[in-house]
Amino acid sequence: MSQKRNKQFFRKKHFLPVLTILTAIFIILAVIILLTKNAQAPGFFYNIEPQPETKPSPEPVEGVNPEPVKPIETLKPVEPIVDNSFSEYSSASFTDLFSGQAWLDTTQTNLYFDWTSENLLFPPVLDTKEVSTGDFLTNFIPEKVNSEGGLALFIGTHRISHKKQLLIWQMNKQNNSDAKVGTGWSKFDVSTLLNINPESTERVDFSTIGLSETPILGLEKISSSSSWLLFSRADDNLKINILKITNSETNHLQIESIAEKFWPMQSFNDIQIECGEKNCLIATGEPLTIFKVDANGNLTVLENLTKSLKEKNPDQVVIAKGLSAENWLVAWSKKVPRESAFMYQFEVDEIKGEILNNKGHILTAEYPGRPSLMVLKNKNIFLFWGSYFTQAYEITPQNKLIDLSGDFGWRISANKLFHLYQLSRSIYIKNEDRSIIRWGGGTNIRIDPKFWFTFNPDFLKIIPRQNFVSQNLGGQANPENSDSGYLIAGVPSGGTKIYQFNDLGFDLSEPRQVVSAKINFSVAEIKAAQITNLQGKIDSAKREYWLSNDGGKGWQKAEMGKPVIFTTIGNDLRYKIILTPNSGDSFITPVLNSIYLWYWYK
């Protein structure tokens, strides 16, 4: 009895007070979380990395001048000048930067809201369908995929046997409506690397040539050569297998191994492989070295270029194909102490890799990032800085710098791996998290949700249509009013899927509108309101502005910059904007970035 009494005494004196304190702490924490929680947009976000308070200018580099980052203009709340009829009323302003949909009436708004670019625009239009490949890709886990001249080469691992495999796909045969499932896929004998039977179920097993457990570094093709180069690592050597693919007399593909070469390498860190019309370039880090590889697999060090780059002491180096067969581009970046990106052109043969300083630009950046380069169809160079705040530029053949950063900005990319793809009308930006951003017509928009994935791909490769149009293998030119191609996606549970897509730009078939929710705080009456400023790209559309002070029951037409005196009595202010596109180009959409209003109330 005494023991029971002691237990009850202990519970009252010690256990219950502790439980009460813990419960109170839990309730306080829950309230704090609820009060501080903000709505988050779906998709991907990146933390802002802390920056030093003082930002000194970058160190000078001979021959070039730094290009400062241009700040993005923001709306400034300046009260409109009106007559004395509003003197008895107080005034307030409202601004929406469209970073979310909290201030929108989503039941009435049919403009498309893009969480990534934080814009209101017309909806994107993509036709997509999955390509039937039979059992060819069911258990195939891709590592590298590349395409040229109507062929796509896949190298990867079989999910069950864990052996390295090679698959070759004649993509243009897929366009034949009479083709049966699996048409265009070729499979090869293990020992001879020759095609035995296109309908066989065997795939190339590279274990016989030492590639079963070898890391694959690249599968590339020199444009002027019929050979493909398979780059892999064999201990401390760079291994290059030269593969030649031809059509046989029976119109079946043949593949033969022409040669195999080994080259000692000091480092495989941050290795890049880029192939052009006559050569491939390889860049490695720690120590930084630039190599040239010809179609026969011969490797030489570009000593002058390597020396010049080492003198800059860069944190990153990126190489890309240039304007001609022997023209290449190199971008490098470092902290000085701000992030800066540098771009140069160089000729491999003419100057043996010497940097041309008079072709360079220094571009400062607010946030850490990664540079990338490509030559556009208009012969301009596209320089991209993937970062929390993404910057982009075009550089003309006359070395004029065109700042495109206003089209990019926040959320587009990050200081992580990404890849750029050039299509007929757009540039696709594939981020490390497998998101795809389309930039074209001066507008960015995220488009990967339009592929309707039921899974998050662990591998993603885009093959633009121009990569598989070939006079020898058939096929038609890419239409000028669309972007099309194939998307290769790795399924997390094993296997690979292929999607064919046709990107038609934006749906401009009908007018669309944005309608706000209530935008004012609690007041007795709203007498007048004015749309003071609207930022975006709206020159390609006819605009109508409407205002309501009774929650949208009645609307009065408005003009930009002019007050509307309401004839109704109400205290629920809302706006409506109707856009009717008139550009005639499906890749140019009206875009709304932000809106600013002023209103008078009692």
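Residues are numbered from 1 along each chain as its sequence is written, and side-chain values use heavy atoms, with hydrogens and water left out. Because the model is predicted, local features need pLDDT of at least 70 and side-chain atom pairs count only at pLDDT 80 or more, while totals for chains, interfaces and linings use all residues.

Let's start with an open sheet of four strands, in the order β15-β16-β17-β18, with antiparallel pairing. Here strands are DSSP runs of E, at least two residues long, and helices are runs of H or I, at least four long, numbered from the N terminus; two strands pair if DSSP finds at least two bridges between them. At the edges sit β15 (269-275) and β18 (299-301), each pairing on one side only. Neighbouring strands are turned by 20 degrees against each other on average, direction ignored. Such angles run from 0 to 180 degrees between N-to-C directions, with axes fitted as lines to C-alpha atoms, for helices over the stretch in contact. Five bridges link β15 to β16 (residues 280-285), and glutamate 274 stands opposite leucine 281 in β16.

Helix α2 (residues 303-312) lies across β17 (289-293) and β18, at about 155 degrees to β17. Contact means heavy atoms within 4.5 Å. Leu305, Thr306, Ser308 and Leu309 of α2 are buried (buried is under 20% relative accessible area, exposed over 50%, partly exposed in between, with a 1.4 Å probe and protein chains only). Down the axis of α2, these buried residues fall within an arc of 165 degrees, so they line one face of the helix; the arc is that of the directions from the helix axis to the C-beta atoms. The face turned away from the buried side carries the exposed Glu303, Lys307 and Glu311.

Strands β37 (residues 541-548) and β40 (residues 574-581) are joined by eight bridges, and tryptophan 546 has lysine 576 in β40 as its bridge partner.

Then there's the largest nonpolar core, with 50 residues, where Leu547, Tyr575 and Leu592 touch the most other members. Such a core is a set of buried Ala, Val, Leu, Ile, Met, Phe, Trp, Tyr and Cys residues joined through side-chain atoms within 4.5 Å. Leucine 547 touches, among others, Ile531, Trp555, Phe566 and Tyr575.

Conventions. Lists of a residue's contacts leave out its neighbours within four places in sequence.
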